[in-house]
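Please read this report alongside the sequence and the three-dimensional view shown below.

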Amino acid sequence: PLVLGIETSCDETGVGIVRGRTLLANTIASSMDEHARFGGVVPEVAARAHLEAMTPTIERALAEAGVTLDDLDAVAVTSGPGLAGALMVGVSAAKALAVSRGLPLYAVNHLVGHVGADLLRGEQLRPALGDVGELELPTVALLVSGGHTSLLVVRDLVSDVEMLGETIDDAAGEAFDKVARLLGLPYPGGPQIDRVAADGDPLAIRFPRGLSLPKDMAKHRYDFSFSGLKTSVARWVEKREATGEPVPVADVAASFREAVADVLVTKALAACADLGIPRLLLGGGVVANARVRELAASRASRAGVELRVPPLSLCTDNGAMIASLGAQLVAAGRAPSGLDFGADSTLPVTEIQVR
Ligand code: ATP
Ligand code: MG
Ligand code: FE
């Protein structure tokens, strides 16, 4: 089926068009620059930017795919989780499109969409994809971005996804952004820390790993916590500043990056081992991190775990992944969602489609 997907859970207005598993268009407008002076995504600013970008982004996607609205078989949209006001813009646009064209509408889960991204193939992905085979299930999936840090087990994309762990405070990308800020680096901090860390010593400072809060704060076996790490970096920098000596920014960045990468990869591979699932899929903007990729690759290979990393354009938030999940729901014969669903900022991952 030819499916148009709309994604507005955070700061990307994403519109993607797929035919089954074939990617035809993946168009993005981001309001990231508008959030820079606040050091993080401002929900109201993001919602307004989605409103302005929605129609032009749909038009660009249709042009890129070489199709018209008449060609579409279905519309898919992110219903949650995410920023409520931002989600609402995509949900409203998708409803308007579906109703005006008489198309079935599928309201889907953003996190499961990230996994759906890995199904996509197509000419424009070929250079980035190389020779990877089909996604095999079950798989463990680690999704890390500015808004989420989630470890899932996916047994069936349209019917069986379970949360193994998530962050109980800051998301990993958020921690990168906050630590960058306290080191005087611009937003978004992830790429900046990555760049600066390349010249630093990752063993210079031993920052804490794992949950710094009491274990009973965790809901799941593999929950993450990054606020303790962030505070520990802040304390270390304060102490150094008090001595009047210069802060070794490269060493702090490298040591912090090492701690985050270590925690993410250790927990993900522990889940693979505990569940007996030798497959790990990565997704989310933090996957761009050089050390996360490197550590995941080396430790997965040592553990005999197949590591899958989709092209970065499909790892960050995008509409194609939502269209892909929508196409899978259509292919599975699922009934479309009713028109009375809304934006659900805390949609659980077990709810793959909202009715
Ligand atoms: P959502 O959480 O809904 O997916 P998001 O906009 O936060 O939304 P992305 O756009 O996928 O998610 O990712 C942005 C985040 O990824 C930012 O926090 C950014 O700092 C982080 N990031 C980007 N590049 C890197 C990198 N090289 N190293 C570490 N973090 C990075
Ligand atoms: Mg983003
Ligand atoms: Fe996301």
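The model is predicted, and every value given here is computed from it.

**The nonpolar core**

The largest nonpolar core holds 111 residues, and the members that touch the most others are Ala76, Leu264, Ala268 and Leu280. Helix H9, which spans residues 249-275, is the element that gives the most to this core, contributing 14 residues. For Ala76, once its neighbours within four places in sequence are left aside, the contacts are Val3, Gly5, Tyr106, Val108, Ile322, Ala323, Leu325 and Gly326.

**The five-stranded sheet**

Five strands make up an open sheet with mixed pairing, and their order is S8-S7-S6-S9-S10. Strand S8 (160-166) and strand S10 (306-308) are at the edges, where each has a single partner strand, so one side of each is left without a neighbour in the sheet. From one strand to the next, the twist averages 25°. Leu280, already named among the core residues with the most contacts, has Leu307 of S10 as its bridge partner. Helix H9 lies across S6, S7, S8 and S9, and its direction is at about 160° to that of S6.

Strand S1, residues 2-7, is mostly covered, since five of its six residues are buried. With S2 it forms a hairpin in which four residues lie between the two strands. Within these pairings, Leu4 stands opposite Ile17 in S2, while Ile6 stands opposite Val77 in S4.

| Pair of strands | Bridges | Direction |
|---|---|---|
| S1 and S2 (residues 12-19) | six bridges | antiparallel |
| S1 and S4 (residues 74-80) | four bridges | parallel |
| S9 (residues 279-283) and S10 | three bridges | parallel |

**Around ligand 1**

Which residues come nearest to ligand 1? Of the 25 residues around ligand 1, these are Gly146, Gly147, Gly173, Gly190 and Gly285. Helix H6 (172-182) and helix H7 (189-197) are the elements that give two or more residues to this shell. Sorted by class, the shell has six nonpolar, 13 polar and six charged residues.

Helix H6 is itself mostly covered, with nine of its eleven residues buried. Among the buried residues of H6 are Gly173, Glu174, Phe176, Asp177 and Lys178. Taken together, the buried residues of H6 pack against strand S6 (139-144), strand S7 (149-156), H7, helix H8 (227-242) and H9. Just after H6, Gly184 takes a positive phi of about 80°.

**Pro81, a loop residue**

Pro81 has its place in the loop between S4 and helix H3 (84-101). Is Pro81 buried or exposed? Pro81 counts as buried because it has 22 C-beta neighbours inside 10 Å, where 20 or more are needed for that label. Not counting residues up to four places away in sequence, Pro81 touches His110, Leu111, Asp344, Ser345, Thr346 and Leu347. Ala234 is 153 residues apart from Pro81 along the chain, and the C-alpha atoms of these two residues are separated by 30 Å.

Key:
Residues are numbered from 1 along each chain as its sequence is written. Chains are lettered from A and ligands numbered from 1 in the order in which they are written. This is a predicted model: local features need pLDDT of at least 70, side-chain atom pairs count only at pLDDT 80 or more; totals for chains, interfaces and linings use all residues. A nonpolar core is a set of buried Ala, Val, Leu, Ile, Met, Phe, Trp, Tyr and Cys residues joined through C-beta atoms within 7 Å. A residue is buried if 20 or more other C-beta atoms lie within 10 Å of its own, exposed if 12 or fewer, and partly exposed in between; C-beta atoms are placed from the backbone. Two residues are in contact if their C-beta atoms, placed from the backbone, lie within 7 Å. A residue is near a molecule or strand if its C-beta atom, placed from the backbone, lies within 6 Å of it. Ala, Val, Leu, Ile, Met, Phe, Trp, Tyr, Cys and Pro count as nonpolar, Asp, Glu, Lys and Arg as charged, and the others, Gly among them, as polar. Two strands pair if DSSP finds at least two bridges between them. Axes are lines fitted to C-alpha atoms, for helices over the stretch in contact, and angles run from 0 to 180 degrees between N-to-C directions.
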